[in-house]
Amino acid sequence: MQRQMRTLVLAAAISLSVSLKAEFKASAEEGKKLYEANNCGSCHAMDKKVVGPALRGVTERRSEEWLIKWIRNNEAFRKSGDADANALYKEYGGAAMNIFENLSPDQVKNILEYIKTAPKPVAPKAAATVEGDSGKSDSNSLYIMLALIGIFVIVLIILGKVRNTLRRLAAEQDGTAEDNAKGSFIKGLMPAKLAKMNPTVLTVFTVVILGGIGFVWSYKFGITEVGVQKGYAPKQPIAYSHKLHAGDLKIDCKYCHIGVEESKSATIPSLNICMNCHKGVQKASTAEGDEISPEIAKIYKALDYNPEKIGAEAFGQNPKPIRWVRIHNLPDHAYFNHSQHVKVAGLACQTCHGPIEKMEVVQQWSSLQMGWCIDCHRNAGIDAANNNYYAALHEKAAKDLKDHKNKSQYFGPDGKVKITPAMNGGLECAKCHY
Amino acid sequence: MSNNIKYWKGEEELAKDPAFLAARKNEFPDALPLDEVLGEDGVELNSNRRDFLKFFGFSVTAVALAACYKTKVRHAVPYLVKPDDVTPGVASYYSSTCGSCSTACGVEVKVREGRPIKVDGNPRSTVSKGGLCATGQAGILSLYDTERLANPVANGAETADWTKIDKLVSDKLKDIDKAKGRIVILSNTIHSPSTLKSIADFKSKFTTAEHITYDAISYSGIISANKDDFGKAAIPAYKFENAEIIVSFGADFLGTWISPVEFTKGYVANRIPTAGKTMSKHIQFESNLSMTGTNADERFPMKASKELLYLGSLYNYLAEKAGNKQIPVPQSGELAGNSIKKTAELLWNAKGKSLVISGSNNTAAQKLVNGINMLLENYGKTIDISNHSNQFKGVDADTDNLLNDLTTGKVSAVIFYNTNPVYSHNAKWADAIKKASLSVSFSSTKDETASVCQFICPDNHYLESWGDAEPKAGEYHFMQPTISNVFNTRQSQLSLLAWAEATPKAENDPFASKAILSQKLSASPYYIYIKSNWAAQLNNNEAFNKALHDGVWSSVAESKPVSYAGDVTTLTNEILDSGKAIGTDLILYSQVYLKDGAHGNNPWLHELPDPVSKVTWDNYVSLPKSLAHKINFKEGDTVNVKVGNTTLNNVPAMVQPGQANETVGLALGYGRTAAGKVGGSKEKGFDAVGVSAWPLISSKNGGRSWFTNGVEITKGDESYALAQTQTHHSIEGRDLVREASYSEWKKNPTAGNDKEKTHVYTIWEKRDYRKDGSPNHLWAMAIDLNACTGCGSCVVSCSIENNVPVVGREEIRLRREMTWIRIDRYYSFANTSKEIDGNYVTREKEIGQIDQADKGDFAHWENIKVVHQPMMCQHCSQAPCETVCPVLATTHSTEGLNQMTYNRCIGTKYCGNNCPYKVRRFNWFRYNDNDKFDFHFNNPLGKMVINPDVTVRTRGVMEKCSFCVQRIQEGKLKAKREGKSPNEVKVETACQRACPANAIVFGDLHNPESEISKLYKNERAFGVLEEINVQSSVKYLTKIRNTETI
C-alpha cells in the first residue's frame, strides 16, 4: 500500500513535471500573446530604451525570481527595500511601471521565455524626413500632354485645309476645276439637306448652338468647380491615418481636436497630444522589429525628441513645427465656428467631414459652398427644448403650432416637426459674413 | 418747447463758402479715381484702341485661366507643445498696466494666438476704472512698429550681442565711477517700486550716479507750490466725483491734464441729470477752446497771461466772504458779465464740495489755487494731498541745470530712459550729449536723442514687459508680458541691473521644468526681481499671482489732515505784473492724442480728428476770428509766429471759434524729425508731421511756461490746406442735436426733446422688429450727449476692433476717411440774443442771417458752445440704404442689425448716397498690402494687430459700423454653449468698452431689465432725424447744460 502510494506520488510528480515541461515548451508562444495583451510594447522595446529599459537579455541580467517580483508588483518590491529595484526606479526618473498582479508567476515566465526567443530586428529603413507635399495636382503633366495633342490635331486640320485650298487654287489655275461646289471639304461631309441651306443661316445656327452649349457648360463649371475643392486630398508631411486612429483604435475625435467644443477652429493637434501615446508607441503596428516607424520618427524630429533619453532631457533645443497642408479652406469673408455646430448643435464630425474614420488620407468631403451650408440651415432641426437659449424660440413655435399660425414652416419634407436654424435667423448674411 | 439754437460745424458752413456748398451736394467727393486705382496695378487710364484690345484680350485669357485655378496650397502650422491656457481661435485676456504715458492706467489686454490685438481699461483699476484714452488704445500699434530697433546699437552699429554691449558700457561706467565722474539717469516720471529699486541698486554700485526726472509736459508749478504750501512736493489726488462746482482755469482735465481717464470717470459721475441727484456745474476759463472747455456749462474766454489777475480777484471775492485778508488786485481783474464774481458766489455756496484747478505751470498761479481751495475747505474732500498722485514728478529746474552741467562738461555719463530731450526740451542737448564720455539711450526707436547717443539699449514695449506701478500713493498696478519679445530687446531695468552686476538669478524660475517652448520662454530675470521685491507684501505665490491676475493691489493709508503754510499775499507783485500784460498771447498746449509727441509715429493718432478742430495729420495755429479778420487771413493761408528771437514761418493755421481774442494756440508734440516713416524722419527722408512748437517755450520762475505774451502773428506767404474732417458728411443744417438747460429739465424732463413729430410716413409696409423679428434679441444703442466729452477713444477702439485702414492726409483732404464712427462737433454762439422773426425758415437760412448780422464785429466769436455727437450707422429698421442696393448686399437681420455683406457688394455706392446719416464708407483703394498707404497694413509686423474675426475689406466695397457683430455672435455663442437664456448674453461694442465717460450703452431691447431698455424710456431719448421715420436703432439723450437758460 505504502509502495503503491509512493509509486503513485512519484508517477504524479513525474507526470506533473512532464506536463510542466510540456507547458514550458509552449510558453514562448503563450508569452507573446500575454506580451501583446498586456501592452508591454507601449513602454518597452526589445533592443532599446523606450519608456522602460530594453528587454533583450533581461533574463541574463536578472534572476527569474527577481523579475517575477518586479513585474508583478514593482511598487511593493521596491518598498521591500530591494536595492536593485530602487536603483532601476531612480535610473528611469521615477517613472513607475504598472502593476501586473493579474499575471501568475508562470505567465510571467512565459513572457520571459518569449523575450528570450524574440526575433532579432532586420536592417533599418532609410531615415525619415519631415517634408510636406507641395499639394499640387499630380495630373498637371497629363493635362499638358492632352493640350499639346489637341493643339497638334488643330494644326493638322488647318494644314489639311490649307493643302486643300492650295490644291483647288492650283486646279482652278489649271482650268481643271469642276464647277460644282463639291470642292468644299466641310460641305462634303454634310448631309444633303444641310448642304443646301443658306451658308449664313447655317453659320449663325451653328454658332448659337455651340455658344449655348459652351455657356451652359461654363456656367455649370463656374458654379460647381471654380474654387471648389471637394475631394481635395493632398499628401501631408506625416502620413497620419485617421482610419487607424479614429477607425481601428476608436480614439475619440475630441481627444486630439481639442478646440472643437470651445473654439471656431477644431485645431490641428499640437504634437504634445501625439506624444501622449507615441512616447510609448514607437513602431508601426505592422512592423516586426523594434525600429521606430518612419512616420512617428517625424514627430520626434519635429519636437527634437530623443527617444533614447528620458524626461525633460529628451527634448532638444531645435524643434521644427510641422507644416500641414490645409484641406478645408474657407474664404476670409466667411466665418465658421466649430463649437456652434459641435457643442451647441451636437452634430457629428462625419456630418460635414464624411466617413473620416475610414479615410487613410483625409479628403475634403463636402463642397463647402454656401448652398451646401444653406441647405442644412434650412433643413436641420435645432434641439430647442434642451437649451435654455432657445426657450423663447421654442415657446413661439409651440404657440404657433397651437394657434395654427404659419404652421407649415415647422414641418420638414419628412413630415416631422422641427425648428430650423433658418427660423432663428440662420440664413441672414451677418451670421457668417462680417 | 424747442430751442432756437443755430448749430454749425465749421466756419465755411456758417459763411456759406461756395466751395463748401458745392461739395456738400455730393456724398462722394469725386468720380471714381480710376487712374489712381489702376495705377495700383501699373496701368494707365489714358489708353488707346490698341491698349484696349490688349487689355480685352488679357482679361479674356485671365478669366479663362482663373477658371482653371484651384485655390493655392495653404498650410496650417499648429503648436508643437500647446500652452495650457491657449486655445487657438479663443481670445485670452490679461491684466496689465498701460505704458503709453506715466499716468499708468490699468488695462486689460486681449490676446489671440499669442499676439495682443486690443487694449482696454481694467475695471478694477482706480486710475482707468475700465476706460482708456485714445492714446492708450493706440499704444498697441507701437508694439508692431517697424521703426523699432531690432538689436542694441553700439556707436552707430547694430549688434545682436547684449553681453558685448554690457561689457563696453559697464567698463566705461566703472572707469567713470573710479574717477568720481557724475553719472545721471534722466527719465520721465517713474513710480514703479521695482524700477525705482533697480535704479537704487544701480546707484549703490555706482556711487556718483543720480536720477533726475524730466517730464516734457511737466506739472512743475503744482509740485513747487505744494512743496512751499504743504511741505510736500507732489501732485494731489483730485476727486471730481465729489465736486458739485468745478472751476478750471485752462486745465484740460478731460483731455490731457494729469490723469484724464480717471478725471473723466469722476466728472461724468455727476453730469447725468437724474432725479434726486444734483448735477455738477462746470465753469471753464481758458484761451484755447480745449476739449474740456467744450464740455463746460459756462465757458469764459480768458487771456492766459492774465490768469493770475483773475485768480487773484477770485481769491479776493472768496476771502471777503470768509473774512480773510485780501490781496491788492487792480480793478481790471474781472471779466465780462462779472463772471468771476458769480463764480465766486457759486463756489462759496458749495464750500467743501467744489474744486478749483489751473493748468498753469506757474508756481504763483498754483499757490493762488491752493489758497482758493483752502478758503473753500476742499482739502480732504475733493483734493487729497496726503494720498497724492505719483503720475508726474518732474521739476523743470532740475533738467535745466542738468543741461547746463552737461554743456560745461560736468557730467561724465548720461542715460536716457523714456525721455527725448533733444526733441522736447532743447536742441542744445544734441551737442551737450556729445560732451559726456558715455551716453546711453533706452529708447526702442532711434529717436532724436537716441541717435546722438553712443549706445542704444532698446527697451521692451510695455506689452512685452514685467513691471509694477504706483500711480497714486498706495494704489499699485502690475504689468505682465502678453507676447514674447518681438525684437532682440531687453527691459531697461535689466540693463541697469546688468551694469550694476545685480542681475537676478533664475534659480527660482517657476517655468524651468516645463519642456521645449517653455524653455525658450523661461521667465525673465526681472519677473524674479519683481517677485522678490513684493515678497514682503505678497508673501506667497497665490497672493502674487492674484495681484497679477487682477492687475491691481492696494494698501492705501488713511488720509491725513493737511497743514497749510502758504501766504498768497506774497504773490502780489506777480499778480500786478500779470495785469500789465498786453499784446497777443501764444498758448502752447498738448494735443489730446499726441500729447508730448512720444507716440509721433502712430498713424492712428494722427488720423484721429482733433476733438475740437477736427484737424488731422497736422498742428496749426488756432486764430481768433477777430485776429484773422485783422490780418486778412483766409482759409488755407499760413501765418508767421514770432516769439522773442524765434520765428516759425508759414505755419498752417485756421480760425478757431471759441479762441479767446488776443490769443493764439499751437499744439506741442508735432514736428518729429526722427520718429519714423509715419511721424517724420530726416534720416529716412520722411517729412515731419506738423511743426515742432517746443522751441517757442519760454521759461518763467524756473518752470516752463505754456504761454508767452507779446507774440507777433503775421500772414505767411505760402498756403496750406489742412486735412480737416469737420464739414465732411454735412448735415445741411438739419436738426440733429437737442439741448436744454438744467433749470428747464428740472421743470420738465422732456425739455428740449418735445418737438412735434412731423412727416411720419413710410414707403413700405411697416416693419416692427419687436414683434416680427427674432424672439431672442433686438439690438440697440443709446448715447448720452451729456456724458460724451468728445475724447475720440471710441473712434480708435472701433478702428482697431474692425480693421479700419488708415488713409493718410491727402485722402482726408479728399473726404475719403474710413472711420466707422465719427464724433460730430457742433458749434453755436453762446449768446443767442438775435432772435429770428417768427416765420419758419430752413436752418440754412437762419445761419445765413446770423452771419450777415456779424459784419465787422467778430469779438463774439470767442463765446462758443459746443455739442459732441458720436455718429455711426444707426441700424435703421426702415433703412434707406437697404432699398437701393441692387445686389442685396445690405440687408436687415431679424435681430435689428443693418448687415453689410462685403462679398456681395459691387460698389455702386447707392447706399452711401441714400444714407441720411452719412455713415457709410467706400473703399476707394485696397489699403492693405499697398505701399501707397505706408502705415501699418502694408507690412507683416503691422498686420499683427489685425483682428482675425473681422474681414479685411478690399477695394470697391462699402463698409460701415456693424454694431460689432463679431462680438454679438461671440456673446450669443457663449450663452448657447452654456445653455443660458438670451437675456444673459453679454455684449459690449468696442466703442462702448473704450468710452471713459460711459456715454455709450449697447444692449438688447427684448430684455426689459437691460440698461438699454431703460434708457429708451428716458425722457431725454431722441432719434436723430426721427421725422424721416427711418426708425433708427440708436437713441441719443438730450444734452442738458447746468445753466438757467440756454
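## Burial and fold of chain A

Of the 434 residues of chain A, 18% count as buried; a residue is buried if 20 or more other C-beta atoms lie within 10 Å of its own, exposed if 12 or fewer, and partly exposed in between, with C-beta atoms placed from the backbone. This is a predicted model, in which local features need pLDDT of at least 70 and side-chain atom pairs count only at pLDDT 80 or more, while totals for chains, interfaces and linings use all residues. Residues are numbered from 1 along each chain as its sequence is written, and chains are lettered from A and ligands numbered from 1 in the order in which they are written.

The secondary structure of chain A comprises 18 helices and one strand. Helices (H or I, at least four residues) and strands (E, at least two) are DSSP runs, numbered from the N terminus. Among contacts in chain A between residues at least 6 apart in sequence, 65% join residues at least 24 apart; two residues are in contact if their C-beta atoms, placed from the backbone, lie within 7 Å.

## Where chain A meets chain B

The contact between the chains draws 52 residues from chain A and 45 residues from chain B. On the chain B side, strand 1 (75–76) and helix 31 (965–978) each supply at least two residues, and helix 31 of chain B gives the most, with six residues. By class, this side of chain B has 20 nonpolar, 18 polar and seven charged residues. Here Ala, Val, Leu, Ile, Met, Phe, Trp, Tyr, Cys and Pro count as nonpolar, Asp, Glu, Lys and Arg as charged, and the others, Gly among them, as polar.

Strand 1 (residues 324–325) of chain A pairs with strand 1 of chain B in the antiparallel sense over two bridges; two strands pair if DSSP finds at least two bridges between them. The bridge partner of V325(A) in strand 1 of chain B is H75(B).

## Domains of chain B

Chain B is divided into domain 1 (11–27 + 728–1041), domain 2 (34–68), domain 3 (153–217 + 395–550), domain 4 (220–389) and domain 5 (584–724), with bounds that come from an automatic or database domain assignment. The C-alpha centres of domain 4 of chain B and domain 5 of chain B lie 27 Å apart. Their contact takes 18 residues from domain 4 of chain B and 25 residues from domain 5 of chain B. Helix 10 of chain B gives the most to the domain 4 side, with three residues.

Helix 13 (residues 363–375) of chain B has 13 residues, and 13 of its 13 residues are buried. From first C-alpha to last, helix 13 of chain B reaches 18 Å, close to the 18 Å expected at 1.5 Å a residue; the expected span is 1.5 Å times one less than the number of residues. Helix 13 of chain B is followed by E377(B), whose phi is positive, near 55°.

## Strands of chain B

Strand 3 (residues 106–112) and strand 4 of chain B pair in the antiparallel sense over six bridges. R112(B) stands opposite R115(B) in strand 4 of chain B. The two strands form a hairpin with two residues between them, and E113(B) in the turn has a positive phi of about 45°. Six of the seven residues of strand 4 (residues 115–121) of chain B are buried, so this strand is largely enclosed by the rest of the structure.

Elsewhere in chain B, four strands form an open sheet of mixed pairing in the order 41-34-43-42. Its edge strands, strand 41 (1000–1004) and strand 42 (1021–1022) of chain B, each pair on one side only.
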